[in-house]
Amino acid sequence: MAELKEVLVPNIDTDAVQVIEICAAVGDYLEKEASIITVESDKATMDIPAPFAGTLTELKIAVGDTVSEGTLIAMMSAANAAPAKAEAPAPKAEAPVAQAAAPAPVTPVAAPSAGSSEVIEVKVPDIGGDTDVSVIEVLVAVGDSIDVDTGLITLETDKATMDIPSPKAGVVKSVTVAVGDKVSEGSLVITLEVAGSVSVAAAPVASAPQAAPVAQAAQAPAAQTATTTQVQEIHVPDIGDANDVDIIEVLVAVGDEITADQGLITLETDKATMEVPAPFAGKLVSLTVKVGDKVSQGSLIATIETTSSAPVAQAAPAQAAPAVPAPAMAASRPSAPPVPFHPSAAVTASTGVVHASPAVRRLAREFGVDLTKVSGTGRKSRILKEDVQAFVKYELSRPKATAATAVSGGAGGLNVIAAPKVDFSKFGEVEEIPLSRIQKISGPNLHRNWVTIPHVTQFDEADITEMEAFRKQQNDLAAKKKADYKITPLVFMMKAVAKALAEFPVFNSSLSADGESLIQKKYFHIGVAVDTPNGLMVPVVRDVDKKGIVELSRELTDISIRARDGKLKSADMQGSCFTISSLGGIGGTAFTPIVNYPDVAILGVSKSEIKPKWNGKEFEPKLMLPLSLSYDHRVIDGAMAARFSVTLSAILSDIRTLIL
């Protein structure tokens, strides 16, 4: 009878680690020391092995969970006798092994004695789908006596350094790889003489070693179909520039059969709601997120087991007796994943984006370098030691032009004392009302923009008397035709801004991340602030310079409705060159709008008012529109801002100039 036992995290010399990979599935039969999960701390990556042989009946954790010593990770059914190994389905299946061990032939007896031995091949196990991985160190030599899990070779991928362990104890008979070689899963590493192995009766095979492969080939079918299963991770795809996005719905459950493009989770940003689809079909193995979690691009959300079938060619008789070992097909039994990092390796906290060796990562930590800001010059944009050194030299030599450096404190920084805690209830009755989701997201962004961008606001006004008369006339004609649009003053402002941007290209740019150059834009996309029940949103109208007044009126009506209904997509909120915030429908004479990064300017529009204006002979009533132009003083100086404001006012005062 099988006994159900708990599998706990052993002593791992650290308080808590994160589960980054599930190495086995429920129902798998695991040998002792076979890996169940892979965990990652801030110093190393390591496997948690099965403490005994048995069948995995239940997994208690998922990728992304945090575990520590004593945490229950799985339940296993430990049987009194292990199931028959896949290597020996029938007595004659050992023939190729006996022949491969030609340097140490098996004595032809009915059953091996306690001191008998066999030579086995040790191959590269599952290394996460990487291929052509470089061998950077060979840890054993021919004749070495090694123990179980002794490191054989060290591999280095673009993301990590790992050792390939020995699955058994024995004596190294041959080493088939060298430093600099490229290997993949299934590549032969060494041949190992294992003492005291239990094998099936092999006397008939050993007595006729030359005939065995032929006999085996005769009994085997010409070809068979092999089914391959692979557990693949699903990450959050590109969702624009949104970070820490709320998960509002999980659409699947562990164990579900998933089809390609089927929705897995629903995300909600301050701008849109969207589903994350499955990129391929398969069985859902694990979910690492839940409703209420926050994710960003690249966050792991699930793992799916995919199945594929492919024909497997049978070994030809001519391959029966090669003198030199060669890379063989994948091992018939499941291979254990890599063991923890080699002691010489350093921390490799993989981000999924940065490609650098552990030594380079260690160097970067010593200098406090963010590797995401370093450009790699190595193969596949790999970051080299020289790249980190060059980055440090550059940062030390250049002036700090970005405003972000000013908020970290120090001389000239914003050393603001903490706000005092106030108990308002002692003054009277109070009610605590949570901020809306949009307020929680937009608030920190507005604070960042206000603190990091040196704002200056230029005030002006435009005579829109003739523009308003023309607008009302066109709306009356449209109403008689029962047209599906209505022209608003904002449409004329958008066209006027696009024309002014063309005359003053510096307003149609963005400051580069390093603060040393301008990104000049050749398109004219205008963001329009829209007041919604959930807060302020800024959808973007594209190519304003190429669209007419009627087309823009229809588009503006559509995006305003979608914004108020919360149906805008993330893409609808991106790519602006300049923003207009109009409060004319509410009131006020002027205000100081905050620049909407990465724009360098924003136009605030207040309520128009009839004012007396001197025409040279007398005062006459004019409809004047207040304009408030805030701009980034790092990019735009006061004289340039004044010229832009005057030009914009002139265009609005005589809209005939829009066609010039």
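Trainee: In which sense do strand 18 and strand 23 pair, and over how many bridges?
Mentor: Keeping in mind that this is a predicted model, strand 18, which covers residues 245–250, pairs with strand 23, residues 294–295, in the antiparallel sense over two bridges. In one of these strands, strand 23, you will find Lys294, which is the bridge partner of Asp246.
Trainee: And how does strand 18 pair with strand 20?
Mentor: That pairing is antiparallel as well, and strand 18 and strand 20, residues 263–268, are joined over four bridges. Here Ile247 has Leu267 in strand 20 as its bridge partner.
Trainee: New topic: what is the order of strands in the open sheet of four strands?
Mentor: The order is 9-16-14-11, and the pairing is antiparallel.
Trainee: What joins strand 11 to strand 14?
Mentor: Strand 11 and strand 14, residues 170–175, pair over two bridges in the antiparallel sense, and the bridge partner of Ser145 in strand 14 is Val171.
Trainee: Last one, is Lys547 buried or exposed?
Mentor: Lys547 counts as buried, because its relative accessibility is 15% and the cut-off for buried is under 20%. Lys547 sits in the loop between strand 31 (540–541) and helix 9 (549–564).
Trainee: Which residues does Lys547 touch?
Mentor: Leaving aside residues up to four places away in sequence, Lys547 touches Lys495, Arg542, Leu552 and Glu555.

Methods:
Residues are numbered from 1 along each chain as its sequence is written. This is a predicted model: local features need pLDDT of at least 70, side-chain atom pairs count only at pLDDT 80 or more; totals for chains, interfaces and linings use all residues. Side-chain values use heavy atoms; hydrogens and water are left out. Two strands pair if DSSP finds at least two bridges between them. Buried means under 20% relative accessible area, exposed over 50%, partly exposed in between (1.4 Å probe, protein chains only). Contact means heavy atoms within 4.5 Å.
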